[in-house]
Amino acid sequence: MVFEDIREPVEVITLFRNGSMQPLKFRWNNRVYKIDRVHGRWVSDEGRNKFFHYSVSAGSPDCFELCYNADRMSWELTRVCMDG
């Protein structure tokens, strides 16, 4: 497995339901990725700001880490884990 730090802003379609959020699709490099599985989620703090992290896959063995910055209300593709 190869991990690559990306740290680029991305557009994410997100479902907000029952006080939680679930990323459904994201756009990166002019390509839309439909999320088929959320492998994990966690929250981190930086001062008063909260970051909501999601490890997801989108139709391939590769995994993506998406991060929602609650203070800026924006998403970032933090890293990619490529299988192979």
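Predicted model: local features only at pLDDT ≥ 70, side-chain atom pairs only at ≥ 80, totals over all residues.

Started with Ser57 and skipped its neighbours within four places in sequence; what remains in contact is Lys34, Ile35, Asp36, Arg37, His39 and Asp62. Ser57 sits in strand E5. Buried or exposed, this Ser57? Ser57 comes out at a relative accessible area of 8%, so I filed it as buried, the cut-off being under 20%. I also looked up its polar side-chain partner: His39, with a contact of 3.1 Å between the two side chains.

Next entry, salt bridges. How many does the structure hold? I get 3.

I took Glu76 with Arg7 to begin with, where the closest N and O atoms are 3.2 Å apart. Glu76 is in strand E7 and Arg7 in strand E1 (residues 2-17), so this bridge ties together parts 69 residues apart in sequence. Checked accessibility too: Glu76 is partly exposed at 24%, while Arg7 counts as exposed at 56%.

Then Arg27 with Glu11, again a salt bridge, closest N and O atoms 3.2 Å apart. This pair links strand E2, which has Arg27, to strand E1, which has Glu11, across 16 residues. Arg27 counts as partly exposed at 39% relative accessibility, and Glu11 as exposed at 54%.

Glu65 and Arg79 also meet in a salt bridge, at 3.3 Å from N to O. Glu65 belongs to strand E6 and Arg79 to strand E7, 14 residues apart. I noted Glu65 as buried, with a relative accessible area of 12%, whereas Arg79 is partly exposed at 33%.

Last entry, the rings. My search of the whole structure gave 8 aromatic pairs. Trp28 is in strand E2 (residues 20-28) and Phe64 in strand E6 (residues 63-69), so I have a pair linking distant parts of the chain, 36 residues apart. Both partners are buried: Trp28 has a relative accessible area of 14% and Phe64 has 5%.

I then went to Tyr54 and Trp75, a tilted pair at 5.9 Å between centres and 45° between planes. Tyr54 lies in strand E5 (residues 49-57) and Trp75 in strand E7 (residues 74-82), 21 residues apart. Tyr54 is buried at 4%, and Trp75 is buried at 9%.

Which residues do ring pairs link into a cluster with Trp28? I wrote down Phe26, Tyr33 and Phe64.

Terms used. Residues numbered from 1 in each chain as written. Heavy atoms only, no water. Phe/Tyr/Trp six-rings, centres within 6.5 Å; stacked < 30°, edge-to-face > 60°. Helix = DSSP H or I, 4+ residues; strand = E, 2+ residues; numbered from the N terminus. Buried < 20%, exposed > 50% of the residue type's maximum accessible area, 1.4 Å probe, protein only. Polar contact = N/O pair within 3.5 Å; in protein donor to acceptor, adjacent residues only side chain to side chain. Contact = heavy atoms within 4.5 Å. Salt bridge = Lys/Arg side-chain N within 4 Å of Asp/Glu carboxyl O.
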